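Please look over the model shown here before reading on. The report below goes through selected side-chain pairs and strand pairings.

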Amino acid sequence: MTKTHESARLTPEMLEELAAFAQELAVAAGEAILPFFRQPITVVNKDQSQGYDPVTEADKAGERVMRAMIEERWPGHGIVGEEYGTKTSQDGPYWVLDPVDGTRAFVAGLPCWGTLIALNDGTRPVIGVMAQPYIQEQFIGIHGSGIKRATLNGRTIKCRPCPTLEQAIISTTGPDHFNQIEREAFQSLERQAPITRYGYDCYAYAILASGFIDLVAEAGLESHDIQALIPLIEGAGGQVTTWSGDDAQQGGRILATGDSRLHRLALDQLGNTPSV
């Protein structure tokens, strides 16, 4: 069983206060982002050399409002944001923000995107929010300072038991997000699982924490893509590591599961995937 992590810097009372504030951030970000959803919008490709990495004014508006709130309430905290860079922490804790994770879905008018907010205590993420304001869902997980829980709109959620791939519903954002070697490794899992779903970005991890998906495997993630999802899934009883079983908070190749037995099986198959 996964142990509850102790934070070196945050008391349980502080963690609860910060979790409530993270939920306030999610509400404010949603209010800034929603006016752009399913409206004509300019999309800019941030990656002119290697592919397509879209950003919109919704991404920027959501991050601006969250950064302003953090600066006012917790001026000593650091901020790592996808759109506006890094502010170094004076106190140790820092926030990791991805205002619209799943921008491709956002510009396609699909509600399979979310606002990701993590609070890292300086060592690891201990609070994570995944908010989908269009369908009014707010997932939050806490895993630290003796607290371990995950909720959806205030209701407790848990990962479900699933010991084998033959029983598992699995997901990844899309096969084009893998290189050839990674794609073949994922397909080895896919051949054993009865259901595979594509295209859900952060939302798949939230549904895993809710007990309906059993495994998510991805590659090429950044820290802002995954930090909020770690305490959410761990708070619900699941696991998140790299494909080699290491700390996942800096991104890369990510494996998330709801059952530790399934995690071990998947690591056995993914762990030897060579880097390119």
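What follows covers the basis of the values, then aromatic pairs, salt bridges and sheets.

## Basis of the values

This is a predicted model, in which local features need pLDDT of at least 70 and side-chain atom pairs count only at pLDDT 80 or more, while totals for chains, interfaces and linings use all residues. Residues are numbered from 1 along each chain as its sequence is written, and side-chain values use heavy atoms, with hydrogens and water left out.

Helices (H or I, at least four residues) and strands (E, at least two) are DSSP runs, numbered from the N terminus. Buried means under 20% relative accessible area, exposed means over 50%, and partly exposed lies in between (1.4 Å probe, protein chains only).

## Aromatic pairs

A pair of aromatic rings is described by the distance of the centres and the angle of the planes. Here rings of Phe, Tyr and Trp (its six-membered ring) pair if their centres lie within 6.5 Å; planes under 30 degrees apart count as stacked, over 60 as edge-to-face and the rest as tilted. The structure has eight aromatic pairs. One of them joins Phe21 and Trp95, with ring centres 5.6 Å apart and planes at 75°, so the pair is edge-to-face. Phe21 belongs to helix 1 (residues 12–33) and Trp95 to strand 5 (residues 94–101), so that distant parts of the chain, 74 residues apart, are linked. Phe21 is buried at a relative accessible area of 2%, and Trp95 is buried at 0%.

Phe37 and Tyr134 make another pair: the ring centres are 4.9 Å apart and the planes stand at 70°, so the pair is edge-to-face. Phe37 sits in the loop between helix 1 and strand 1 (43–45), and Tyr134 in the loop between strand 7 (125–132) and strand 8 (137–144), so the pair ties together parts 97 residues apart in sequence. Phe37 is buried, with a relative accessible area of 4%, whereas Tyr134 is partly exposed at 39%. Phe37 and Tyr134 also belong to one aromatic cluster with Phe106 and Trp113.

## Salt bridges

Side chains of opposite charge can pair when their charged atoms come close. A salt bridge is taken as a side-chain nitrogen of Lys or Arg within 4 Å of a carboxyl oxygen of Asp or Glu; by this rule there are nine. One of them joins Arg149 and Glu16, at 2.7 Å from N to O. This bridge links distant parts of the chain, as Arg149 is in strand 9 (residues 147–152) and Glu16 in helix 1, 133 residues apart. Arg149 is partly exposed, with a relative accessible area of 33%, and Glu16 is partly exposed at 33%.

Glu63 and Arg67 form a salt bridge in which the closest N and O atoms are 2.9 Å apart. Both residues lie in helix 2 (residues 57–73), four residues apart, and are separated by about one helical turn. Glu63 and Arg67 are both buried. In a further bridge, between Asp259 and Arg261, the closest N and O atoms are 2.7 Å apart. Asp259 is buried at 5% relative accessibility, while Arg261 is partly exposed at 39%.

## Strand 5 and its partners

Eight of the eight residues of strand 5 are buried, so the strand is largely enclosed by the rest of the structure. Two strands pair if DSSP finds at least two bridges between them. Strand 5 pairs with strand 3 (residues 78–81) in the parallel sense over four bridges, and Val80 has Val96 of strand 5 as its bridge partner. Strand 5 also runs antiparallel to strand 6 (residues 114–120), joined by six bridges. Trp95, the ring partner of Phe21, stands opposite Leu119 in strand 6.

Which order do the five strands of the open sheet take? The order is 12-11-13-15-14, and the pairing is mixed. Strand 12 (195–198) and strand 14 (239–242) are the edge strands, each pairing on one side only. On average, neighbouring strands of this sheet are turned by 20° against each other, direction ignored. Strand 11 (residues 169–172) pairs with strand 12 in the parallel sense over four bridges, with Ile169 having Ile195 of strand 12 as its bridge partner.

Helix 5 (residues 202–209) packs on this sheet and touches strand 11, strand 13 (215–221) and strand 15 (252–257), where contact means heavy atoms within 4.5 Å. The direction of helix 5 makes about 150° with that of strand 13. Axes are lines fitted to C-alpha atoms, for helices over the stretch in contact, and angles run from 0 to 180 degrees between N-to-C directions.
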